[in-house]
Amino acid sequence: MADFHSSTLTQLAAGLRARHFSSVELTRALLARIERHQGALNAFISVTPDAALAAAQSADRALASGGGGALTGVPIAHKDLFCTQGVRTTCGSRMLDNFVSPYDATVVAKLRSAGAVMLGKTNMDEFAMGSSNETSYYGPVRNPWNPALVPGGSSGGSAAAVAARLVPGATATDTGGSIRQPAALCGITGMKPTYGRVSRYGMVAFASSLDQGGVLTASAADAALMLREMAGFDAADSTSVDRPVPDYVAALEEPLAGLKIGLLKEFFDKGLDAQNEQRVREALKVFEGLGASLREVSLPHLPLSVPVYYVVAPAEASSNLARYDGVRFGHRCQSPRDLNDLYRRSRGEGFGAEVKRRIMTGTYVLSAGYYDAYYLKAQRVRALINADFIRAFGSVDVLIGPTTPTPAFALGAKTADPITMYLNDIYTIGANLAGLPAVSVPCGFVQDLPVGLQIVGPHFSEARVLNAAHAFQRLTDWHTRIPAGFA
Amino acid sequence: MSGWETVIGLEIHAQLATGSKIFSGSATAYGAAPNVQANLVDLGYPGVLPVLNAAAVRMAVKLGLAIDARIARHSVFARKNYFYPDLPKGYQISQYELPIVAAGSLEIVLEGGERKRIGITRAHLEEDAGKSLHEGLPGVTGIDLNRAGTPLVEIVSEPELRSAKEAVAYMKKVHTLVRYLEICDGNMQEGSFRCDANVSVRRAGTDKLGTRAEIKNLNSFRFVERAINHEVDRQIAILESGGSVVQETRLYDPDKGETRAMRSKEEANDYRYFPDPDLLPVELDAAFIESVRATLPELPDQKAARFAAAYGLSAYDAGVLTASRELADYYEAVVQAAPQDPKLAANWVMGELAAALNKENLDVSAGRLPAERLAGLLARIGDRTISGKIAKEVFEAMWSQGVGADAVIEARGLRQITDTGAIERAIDVVIGANPAQLAEYRAGKDKLFGFFVGQVMKATGGKANPAQLNELLRSKLRG
């Protein structure tokens, strides 16, 4: 089978189960693709061919004996902030360049027990702080649609790897849009579940109250399959929710007739590129054709998302990143003179500029005398945003709008001005602040660059959100497009 | 020093007697080799998350109920951020604005027997830090994270203590209480129970609090008393010479018997507290709180009141006997086995027994002298087999040989003489041998009565029943 890479994850899983091909064949083929394209894309930080082939062999044995799980033999990649025992987990940072985790993240363990074969760890913005993958210590990732452009971030490596069909699916995390924004910019499907749906245990923390693991795949059906195996309560994560995981795959084919779609007034604002808006409006017509109805809704506090996010996330990050002190693991400076020197130089050398900026911002907003004005106020506004969403979901089933204001932008275009970069997450941050499930699916192209459509649902409505995305993908083929040079 | 009033508030840290840590499954046993009781959560590895130990919550609630405090239905863990090598995450998980226990109180007994109620502002749950090790490590600092994540309850008093003695009485009271509740082993050498003292002085009669110094990490009652007294003297000396006290953290040096500055307010950390997003708020319902209440033992004050009423003891004696649950249980076991004279039992437990235990630095729970055995001795006093004086000799033999009272009495022939005829015969011999003393006594020298008692006791080997002897001797001397 020569066209492994143009098959979806769902098709590959079925093909393996039917023993049309072996996991070793598939793994070899994709490892070869990774090797061929790594130089151009820089999507991976670590590739683990030996472990992958060993896992593929054991998957083949399981399949031969009629055993195995839903993903047995299916190659995937993990964003390099999921801890993987024995394989280094860098988080895109010099600080963790030498860090080999002694344990597996819950997500990693779950996907392994479902039979998935890890090919490697994907590149990312340092500590998941960034929207362009340019803050990685390992260099930027290139957008497979145009190597002069960014893939988005922070899960840029996972998104580029899936878009270039180096892997059929990859894990990712989304703190302010880090799954959906790169999905949109790379023309693939990116699903961020409800906060608490996927265990954070073993995910290197950026902003604990916002971080949520999810998936990047070619289609919503693939996302449903992969997420079903990742999700679920984990006693090791106090914020994970003890609630059964529905069969997202089984729910994909539900009819959409009668679906009430809310159009967020605040998403169709002056910041939205006109052509992007056009693609989104065309997509909405597809939903209408499926029997869904549209109505405009307003979330008056939503425009405050970005400032709220850039108080809350750095505050939590400043504390979460305090453990990187050069004492027990990670980067340690050469011959420290004393304790303060050890701290200063280890952290000074280990962290990049964006991480330092956020640690300083976070430290500032939590400081005595500023806490009330920044952190506390941000949390209050966050509660208002959450209430806005809940009110909106009283009258609509899902909210649909653009994922990003523009398609992919050029490398270096926004690095000089953090605020411009931050505004790229303007449509995605709301779902993080409110902990809502949201998916981005490709809905067309603007000047040969993919445009993302975002579907946001109420808490724990993953099945409905994926169902809507899948219905759209049954009538469109944007998600099947593969960038030239990777077909 | 007159004209000054001392104001003290204590922050007591009691290590909760859970089997595992507050946010991880590691053991909490004391004395293990460095870092063998530190797992990835305790080490603050990337990606790990805390999970609250329900047993620690239960213990904190138990404490709150025992001090008549308000148990928070909703309490929140917060991060206290600062860098230190023995603080692996760069923050300590504690409780800040919303502690689990608030507004309780305890009663202490002052020297004159007067009672004073001390307010307890709050008690909150938190994790302990690790330890930095210097001994035997020239040029480097070792880090032992076995203690990191050990559950603590920090009990914060109101600044209502007015002397070092009151502070010690309060600390002892809390110590007694946490051991009664079985939420802390109270072991001060191992650091399971320690305190920080906030000390200030002000002119008597004024309301405004003086500038305070915080003396850190006092781990014995004696150190608390000495450190506070030294600190009070130091502050008064400063103020009387026209200076002003600096708000700072100080350390007590037990070798020099003084406190010295550790860091000033300006150097203090800005801890940047904020709610820990990795932990959900602790939500407690009435049923849970009641289920904890049902596990409360009889508390020290209740027990003392019952002892005083049921056994006819003074408030002081009842207080001493209930200072630990083990001692109280021991006393009650003695009384149960020898119910004739609870007051006598109290005297023996607080006197001979306490002295013997003290001498060998033993706790009553060590079982060196079972309660039944002491009761056996008291029974022999009660049935006049031996006198109280002989009983002390018997006690010593019981203690050192680990045998019962009867065995000692029989072996040494100490059975008291209660046969009137035998005592009379001994008296007659003594009177006959001391005609001069008899004459003097009869001439009015009453003091000689003691001489005759002594002689008869000598003649009977101390075994004559003292009451009988007195009575018979008096009538014989009268002639």
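Reply: The centres of domain 1 and domain 3 of chain B, taken over C-alpha atoms, are separated by 65 Å. Chain B is divided into domain 1 (4-292), domain 2 (300-412) and domain 3 (420-478), with bounds that come from an automatic or database domain assignment. This is a predicted model, in which local features need pLDDT of at least 70 and side-chain atom pairs count only at pLDDT 80 or more, while totals for chains, interfaces and linings use all residues. Residues are numbered from 1 along each chain as its sequence is written, and chains are lettered from A and ligands numbered from 1 in the order in which they are written.

Now the strands. Strand E5 of chain B covers residues 91-95; helices (H or I, at least four residues) and strands (E, at least two) are DSSP runs, numbered from the N terminus. Four of the five residues of E5(B) are buried, so the strand is largely enclosed by the rest of the structure. A residue is buried if 20 or more other C-beta atoms lie within 10 Å of its own, exposed if 12 or fewer, and partly exposed in between, with C-beta atoms placed from the backbone.

E5(B) pairs with strand E4 (residues 77-81) of chain B in the antiparallel sense, over five bridges; two strands pair if DSSP finds at least two bridges between them. Across this pairing, B:Ile93 in E5(B) has B:Arg79 opposite, and B:Ser94 has B:Ala78. The open sheet here has three strands in the order E5-E4-E15 (chain B), with antiparallel pairing. E5 and strand E15 (274-275) of chain B are at the edges with a single partner strand each, so one side of each has no neighbour in the sheet.

E15 of chain B is also part of what covers the buried residues of H12(A), together with helices H9 (305-320), H11 (353-366) and H14 (429-434) of chain A. Those buried residues include A:Tyr374, A:Arg382 and A:Phe389. Between the chains, 25 residues of chain B are in contact with 36 residues of chain A, contact meaning C-beta atoms, placed from the backbone, within 7 Å.

Strand E10 (residues 151-157) of chain B has five of its seven residues buried, so it too is largely enclosed by the rest of the structure. Strand E1 (residues 4-15) of chain B is joined to E10(B) by five bridges and runs antiparallel to it; B:Glu11 has B:Val156 as its bridge partner. Strand E7 (residues 115-127) of chain B pairs with E10(B) over seven bridges, also antiparallel, and there B:Leu125 is partnered by B:Val153.

Terms used
Contact = placed C-beta atoms within 7 Å.
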